[in-house]
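Okay everyone, thanks for coming.

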Amino acid sequence: MKLLRFGDAGAERPGVLLDNGRVLDVSTHFADYGPAFFESGGLEQLREVIASGDASLPTVGLDDVRLGAPIARPHKVICVGLNYADHAAESGQPIPSEPILFTKTTNTIVGPEDTVLLPRKSVKSDWEVELGVVLAKTARYLPDTEAALDTIAGYCVSNDVSEREFQLERGGQWVKGKSCETFNPLGPWLVTTDEVPDPQNLDLSLHLNGEVAQSGNTATMIFTVAHLIWYISQFIVLEPGDLINTGTPPGVGMGMSPQRFLTEGDVMSLEIKGLGQQRQVCARA
């Protein structure tokens, strides 16, 4: 299934992308795709609703609606730094021996085509295409990576936008450079695990103003999705609906020579094969 949320910002309704390209409105059955939905077994209930073929459920054209983030605000956004060896190299950092974890505030999450607002006085805002993983179950002291895979609801495209001066030159607090408003476009949809046979074989790309900036594959992750969930659960209780951003491949602006950062009017276009595409235009906050 491909879960999405559509409608005006702050008033999104839950839907499912049908094979014919239309959006099935399931808001009469589910309030939203938030933590309560996943915690209560909402995915299985949603499958039952779709299988029932309820003809009373309305559909709308995908091109006729705004898409919000495919999940409502989660309890947590946990991010992984330097999880691709070639990205660590371009950043001038050693390959980590354990996953590097940090957080983004949950109000950074916006829709896949919403405007990205560059912070006032920012001169080093950067892009990062990433595989996003959403939890369906609580992950607490998981025994192994097999158990970790069983906690996943699905996968999505995530843009971990980062302000490098705030992140690295203003006290070394990553959360400060990661949590500016609109700094986590997400979607267009959440693809459930049954449609993603191998999360470690997904092509990722990001184009800036039509030119390739990032191109990679999740096969080159240092730590796999399963390992990350297992590892994080040893320190932090992950809850249903939580989002994990799993790291970015090389090609970020900070790693270019000369460095290149986002300016007003820049257009970022992101894609992960099988998970969809997103596009944002940059403006000044």
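Let's begin at a hairpin, the one made by S16 and S17: there are 2 residues between the strands, and Asn-209 takes a positive phi near 50° there. When I say strand or helix, I mean DSSP runs numbered from the N terminus, with at least two residues (E) for a strand and at least four (H or I) for a helix.

Before going further, a bit of housekeeping. This is a predicted model, where local features need pLDDT of at least 70 and side-chain atom pairs count only at pLDDT 80 or more, while totals for chains, interfaces and linings use all residues. Residues are numbered from 1 along each chain as its sequence is written, and side-chain values use heavy atoms, with hydrogens and water left out.

How do S16 and S17 pair, parallel or antiparallel? They're antiparallel: strand S16, residues 203-208, is joined to S17 over 6 bridges. Two strands count as a pair if DSSP finds at least two bridges between them.

Val-116 stands opposite Cys-282 in S20. As a reminder, strands of a sheet pair through backbone hydrogen bonds, either parallel or antiparallel.

Okay, rings next. Rings of Phe, Tyr and Trp (its six-membered ring) pair if their centres lie within 6.5 Å; planes under 30 degrees apart are stacked, over 60 edge-to-face, and the rest tilted. That rule gives 6 aromatic pairs. Take Phe-30 and Phe-37: their centres are 5.4 Å apart and their planes are at 85°, so that pair is edge-to-face. Phe-30 is buried at 7%, and Phe-37 is buried at 5%. Compare the angle in Tyr-231 and Phe-235, whose centres are 4.9 Å apart with planes at 50°, so we call them tilted. Tyr-231 is buried at 11%, whereas Phe-235 is exposed at 56%. Ring pairs also link Phe-30, Tyr-33, Phe-37 and Phe-38 into a cluster.

Now find Arg-73, in the loop between strand S5 (67-68) and strand S6 (77-81). Is Arg-73 buried or exposed? It's exposed, at 55% relative accessibility. Gly-34 is 39 residues away from Arg-73 in sequence, but C-alpha to C-alpha they're 6.5 Å apart in space. Ignoring neighbours within four places in sequence, Arg-73 is in contact (heavy atoms within 4.5 Å) with Pro-35, Thr-106 and Asn-107.

Last topic: salt bridges, meaning a side-chain nitrogen of Lys or Arg within 4 Å of a carboxyl oxygen of Asp or Glu. How many turn up in the whole structure? There are 19.

One of them joins Arg-66 and Glu-12, with the closest N and O atoms 3.0 Å apart. Those two are 54 residues apart: Arg-66 is in the loop between strand S4 (59-61) and S5, and Glu-12 is in the loop between strand S1 (2-6) and strand S2 (13-17). Arg-66 is partly exposed at 25%, while Glu-12 is buried at 15%.

Then there's Lys-76 with Glu-239, at 2.9 Å, N to O. This pair is 163 residues apart, with Lys-76 in the loop between S5 and S6, and Glu-239 in the loop between helix H7 (225-233) and strand S18 (243-245). Lys-76 counts as buried at 18%, and Glu-239 as partly exposed at 29%.

And to finish, a network of salt bridges links Lys-104, Asp-126, Glu-128, Asp-160, Arg-164 and Lys-178.

Conventions
Buried means under 20% relative accessible area, exposed over 50%, partly exposed in between (1.4 Å probe, protein chains only).
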